[in-house]
Every structure is written in structure tokens, then in C-alpha cells.
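Visitor: I would like to learn how to read the overall build and the sheet of a protein model.

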Amino acid sequence: MISIRGLSKFYGANQVLHDIDFDVAESQVVVVIGPSGSGKSTLLRCCNGLEVAESGSIDICGSKLLDDGKLLEERQLNQLRRQVGMVFQSFNLFPHLTVLDNVAVGPRKLLGVSRQQAETEARELLRKVGLEAKADAMPASLSGGQKQRVAIARALAMKPRVMLFDEPTSALDPELVGEVLQVMKLLAKEGMTMMVVTHEMGFARDVADVVAVMDAGRIIEQGTPDVIFSQPKEARTRSFLQAVLNPVSGS
Ligand code: ADP
Ligand code: MG
């Protein structure tokens with residue numbers, strides 16, 4: 001579903017991705033972990049054309065998003081982006097639209113779906129994320145966890161084939177993290193192909209097929225959660241896990 005080859009990305013003179021090769025199979029859940037600044041967000045953003053890498057190729061959903069450093073042309077890019085849902089740390093809901101309209105607006109405006117059908121589907125998605133009762137609420141009245149669940153429903157409304165999550169629970173109060181992870185778990189169970197940047201190691205352990213560890217712009221190792229958490233090969237993986245799992249005793 002996603003195939004990345006030789007991906008390198010620079011910000012000015014600063015190389016933030018180094019010759020990355022990576023694959024995500026259909027229905028696979030990949031959790032990307034690694035220290036701040038290691039390039040996790042940049043890698044995700046390259047996968048829906050929000051960032052353009054200088055060299056390498058990305059095949060996604062059967063299209064060449066990036067071909068030897070050349071991005072797909074605008075028209076095809078917009079079509080491809082609809083197949084790749086993205087959820088960010090900051091929920092980015094439209095503040096002036098109700099919850100229902102936040103979810104229904106994309107299909108109506110971008111896919112030409114009728115209002116009635118878009119709203120019917122939006123209600124179904126809100127039921128799925130446990131927020132049917134909030135359909136007429138405004139985003140400002142929701143908790144962070146509820147906002148993020150609306151953001152997930154909004155992404156799903158475009159019927160994406162892949163979902164990218166960039167630290168979806170990092171901005172939430174601890175007691176609200178679980179309700180968002182629960183929704184993501186449900187999606188994984190339904191067979192959604194997902195690439196998830198997160199520091200929630202419990203989620204990685206339970207849900208990931210593959211955990212990929214990034215450091216300084218490289219994927220330094222990848223494997224099943226079992227292998228990565230119990231017998232990591234790389235010293236940098238061990239020290240990162242130590243710091244995340246034991247923040248007090250970590251150096
Ligand atoms: P992560 O998500 O793992 O914390 P990022 O992908 O956000 O890492 O960042 C990787 C590196 O790229 C960091 O050194 C960061 O400072 C740099 N970087 C990210 N975005 C930009 C940008 N828009 N302009 C310049 N440098 C950036
Ligand atoms: Mg990031």
C-alpha cells in the first residue's frame with residue numbers, strides 16, 4: 001500500500017531524512033517511534049505530499065506520489081490525497097461548523113456527495129467514534145478527546161485507503177488518551193492500513209504489526225512489537241525506550 005524507496009529530504013543544508021526504504025502492506029498497522037526531531041512527522045508528511053522530498057520515490061495506493069524526487073502534478077495529487085487520511089496532534093476542526101458539518105463537509109465539497117447522503121454517512125461515522133449525541137454541538141464545547149474523535153471521523157468520511165496519525169494523543173489530558181486509542185484500535189481491527197507516530201507504547205504493543213524506530217532521519221530498526229520492545233538490537237532503540245518507559249530514571 002505504501003512503498004518508500006531512497007527517500008531523502010533536506011531543510012536547507014539540514015538533511016532530515018536519509019535514504020529511507022520502507023513498506024507498509026495493506027491492512028498493516030505500523031507504529032513509528034523515535035526521539036523528537038528524528039524525522040517522524042516529516043516522513044508522514046511526505047506520504048501525502050504535504051512535504052516534498054528532494055530524492056527518492058513513494059508509491060501509495062497504487063499511484064506514484066513521488067517519482068525520483070518529482071511530485072505528482074496538482075490534479076492527481078489532490079485525488080491521491082483523498083485516499084490518504086491524516087490526523088494531527090492539533091485537531092484542526094472548523095470552529096464555525098457543527099460536529100456533523102465538520103464530518104460531512106469534505107464529501108459534500110470535494111466528492112460531490114449530496115447533503116443528505118453526506119449527513120447520513122457522517123452520523124454513522126459519529127456513531128462509530130462514539131459521538132452520535134454530539135452531532136449538533138460546536139467543536140469549542142467538546143473535550144480534546146472528543147475533538148480528536150471528530151477529526152478521525154472527518155478523515156474517515158473521505159473513505160481513505162490509508163490513515164496517517166501524527167501523535168494523535170500527545171495534546172490530550174492523560175484521562176482522554178484511551179478513548180482516542182480505542183477508536184484507532186477499532187479501525188485497525190477493521191483492516192485499515194495505518195501509519196501511526198505515537199509515544200503510546202501500550203498501543204504499539206497491542207495493535208502494531210510492525211514498530212519502526214527512527215533516529216536522526218533514518219529508520220534504524222524495525223520489527224514486531226515483541227522484538228522491538230524485548231530484544232532491540234540497536235543501543236539507540238534501547239536508550240529511547242528506556243527514556244520513554246522510565247522517564248524519571250532515564251538520563
Ligand atoms: P519528529 O516528528 O520526529 O519530532 P520532524 O520531522 O518534525 O521530527 O523534524 C525533523 C527535523 O527537521 C528536525 O530537526 C526539525 O527541526 C526539522 N524541521 C522540521 N520541519 C521543518 C521546517 N518546516 N523547516 C526547517 N526544519 C524543519
Ligand atoms: Mg513530530
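This is a predicted model: local features need pLDDT of at least 70, side-chain atom pairs count only at pLDDT 80 or more; totals for chains, interfaces and linings use all residues.

Visitor: What does the secondary structure of the protein chain come to?

Guide: The protein chain has 9 helices and 11 strands. Its radius of gyration is 18 Å, close to the 18 Å that the globule rule gives for 251 residues, so the chain is as compact as a globular protein of that length. Along the principal axes, the C-alpha atoms fill a box of roughly 55 × 45 × 30 Å.

Visitor: How many of the residues count as buried, and what supplies the exposed area?

Guide: With buried meaning under 20% relative accessible area, 52% of the 251 residues fall in that class. The protein chain exposes about 11,800 Å², of which carbon and sulfur atoms supply 47%.

Visitor: In what order do the strands of the open sheet lie?

Guide: The order is β2-β1-β4-β5-β6, 5 strands with antiparallel pairing. At the edges stand β2 (14-24) and β6 (70-71), each with a single partner strand, so one side of each is left without a neighbour in the sheet.

Visitor: How many bridges pair β5 and β6?

Guide: Strand β5, residues 63-67, pairs with β6 in the antiparallel sense over 2 bridges, and Asp-67 stands opposite Lys-70 in β6.

Technical notes:
Residues are numbered from 1 along each chain as its sequence is written. Chains are lettered from A and ligands numbered from 1 in the order in which they are written. Side-chain values use heavy atoms; hydrogens and water are left out. Helices (H or I, at least four residues) and strands (E, at least two) are DSSP runs, numbered from the N terminus. The radius of gyration is taken over C-alpha atoms; the globule rule is 2.2 Å times the number of residues to the power 0.38. Buried means under 20% relative accessible area, exposed over 50%, partly exposed in between (1.4 Å probe, protein chains only). Accessible areas come from the Shrake-Rupley method with a 1.4 Å probe; for residues, only the protein chains shown count as cover. Two strands pair if DSSP finds at least two bridges between them.
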